[in-house]
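Here are a few notes to read alongside the model.

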Amino acid sequence: MTHKTYRTFAAIFRAVSAFDFYSDDPGETRGHRGCGRSVGGAGTLDSSPKIPSLGRGESGGGAWDGVARSGILVGMMESGLKPELWTTIEPGQDVALVVCDMDGTLLDGEGRVPDAFWSLVDTMSERGIMFAPASGRQYATLAKMFAGRASIRTFISENGAHVVQDGESVSVTPVEKDTAERVIRLVRDVDHRDIGLVAGGAKSAYVERRDDRFTEQVETYNAALTIVDDLTEVEDDFVKLATFDFNGVDDIVEDVFPGSWDGHQVVVSGTHWVDIISDQANKGNALRDLQKHLGISPSQTVVFGDYLNDLEMLDQADLSFAMANAHPDVRAAARYEAPANTEHGVVSVLERLLNL
């Protein structure tokens, strides 16, 4: 199976798997956990699946309901959607762009960039290969993490909603003002969950909740953080509304963010985080625009990811890698499987691709 054909099947696989033809409610379609839920035509996430999974469709208790029963998805999985091991790749590839998620992917088990990665950055720079981190983190945080590495010039931040090159915003995909105010009101009204809201702007991240327990969580991902009295009065373009739940986000979509979100999407970006962003904002769209800007094809692009917010960008690269610790849906979408982040999988794969 060619890389292009593989990407096509993977996209069909995920699209078909989002529907549950046995749903009790004719007004909604249910998908497997975290991969897609539509209520009244608005894209959100279903985090409360009810039916056991089949084969590789399993995703933390989710289900390929209906379609999997017909054997369609099972047949697709058996025909080659299982990722190949990274060791099957021929050493030395034509690589022009490497795009890498951070948490659970490049960063090790202690949240640090592996020491061996920095020499690879120098090698890629010498060969004219661009490296771009792609993360739900804000630009200021990513820039701080890679400070002193002049060759790292491009950053895909806020899950693709904010792309920066050479210190200048290349693209900003904001959340509509009315939607932002709705999210702010909803979170303010919650008194039965231990949650807090982070409004990610192009200039800074902003919070109303100011206790140390919460801000310590926020500062991990937001180097530029401003505490304000009223988020609705902030003069900045909000590119992401991120809610942190200390007890996990398994049921937060239906509990806190029900209903239609026209023009926006709800994305589970971690065990404790759920984001509301424009439905035009994702890492895949950001990467596609970057490839077009740089004149680099998917065949020359390498992508690494581990979680659901990485799915779209995997489709933009022939050399797509899911970490061994990745969400099952991500492993099903990727062409290859890399070692786990705790085993410095990105480093191992790049060394092979660069024939080092």
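1. Asp 178 sits in helix H7 (residues 177–188); helices here are DSSP runs of H or I with at least four residues, and strands are E runs of at least two, numbered from the N terminus. With 61% relative accessibility, Asp 178 counts as exposed (exposed is over 50% relative accessible area, buried under 20%, partly exposed in between; 1.4 Å probe, protein chains only).

2. A word on the source: this is a predicted model, where local features need pLDDT of at least 70, side-chain atom pairs count only at pLDDT 80 or more, and totals for chains, interfaces and linings use all residues. Residues are numbered from 1 along each chain as its sequence is written, and side-chain values use heavy atoms, leaving out hydrogens and water.

3. Helix H7 also holds Lys 177 and Glu 181, four residues apart, about one turn of the helix. They form a salt bridge, with the closest N and O atoms 3.4 Å apart (a side-chain nitrogen of Lys or Arg within 4 Å of a carboxyl oxygen of Asp or Glu). Lys 177 is exposed at 54%, while Glu 181 is partly exposed at 23%.

4. The whole structure has 19 salt bridges. One of them joins Lys 283 and Asp 101 (3.0 Å, N to O). Lys 283 lies in helix H10 and Asp 101 in the loop between strand S5 and helix H4, so the pair ties together parts 182 residues apart in sequence. Both Lys 283 and Asp 101 are buried.

5. Another salt bridge pairs Asp 103 with Arg 137 (2.7 Å, N to O). Asp 103 is partly exposed at 30% relative accessibility, whereas Arg 137 is buried at 7%.
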